[in-house]
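User: I'm new to this one and don't want the whole tour. Pick a single part, look at it closely and talk me through what you see.

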Amino acid sequence: GFEMQGRKRQTIGGASEAKKKPLVDEHVSSMTHSEVRTQLEALGDKPGPIDDSNRDLYDRLLTKKWATATEEREETEETEETITPAPPTPPKGRRGKKGQAKPKEAVAAPKKASKTPKSMRLGIEGVVAATFTPFDADGSLNLAMVEPYANHLIKFGVAGVFVNGTTGEGIKMTVAERKLALEAWVKSVRKRTKIIVHVGSTSLKESQEMALHAASLDVDAIASMVPIGVKACCMED
């Protein structure tokens, strides 16, 4: 009994003393702002302006991306090591010296196909901000606030904005208001981050109208809530 207790204490003590992984890699923290930007762009990211006020956020993001890339590379190497050549068999017409058959070349395992069509993949990694819609005290749209709002979000490195969703009160706005709000966001973002717009409505025709309008503005994705009162059973629905 005493021995088991001693072992438990040793195990618990060892676990408590385990080193935690740092949030920011030492090499990343020693980089300049421009070097951090270059590294993030090389990893497929589109960072906004980097300065002292948001540097810690980008340092953590780059550290995380490096760790993910390292893990993926290690997994690939492990997969390649586990692939072994098939046992040699005497195939017709392919014999080596002294009548011995040439071994077959190793065949890599087939890659698992993604269930998501390429046209539906956004490649977004990071935070997508569900944006508010600015209004004046009388309930009219205050679109002059959209550009500084967009600049603020992009400054802190959001991966995209979600316009006219639940947070943006899109369902409470008229079709005309939702179109104007989206146009203001497209004009303010200027392709610096991705735009996803919600076109869901209790009217199918209104949803179609807003989807066509969004497509004409070349947004990155169009989203819609499921029909009210109808339970969807699968992706096709």
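Analyst: Sort the lining of the largest pocket by class and you get eleven nonpolar, eight charged and seven polar residues (nonpolar: Ala, Val, Leu, Ile, Met, Phe, Trp, Tyr, Cys and Pro; charged: Asp, Glu, Lys and Arg; polar: the others, Gly among them). Keep in mind that the model is predicted, with local features needing pLDDT of at least 70 and side-chain atom pairs 80 or more, while totals for chains, interfaces and linings use all residues. Residues are numbered from 1 along each chain as its sequence is written, and side-chain values use heavy atoms, leaving out hydrogens and water.

The lining comes to 26 residues, and D45, L61, K65, E125 and G126 are the ones nearest the pocket's centre. A pocket here is an open set of points on a 1 Å grid over the protein atoms alone, with protein on both sides within 12 Å along at least five of seven lines; a lining residue has an atom within 4 Å of a point. Its volume is about 700 Å³, counted as the space filled by probe spheres set on the points, with a 1.4 Å probe. Helix 4 (residues 55–82) contributes the most to the lining, nine residues.

Helices (H or I) have at least four residues and strands (E) at least two, as DSSP runs; pairing takes at least two bridges. Strand 3 (residues 194–198) pairs with strand 4 over three bridges, and I196 stands opposite A221 in strand 4.
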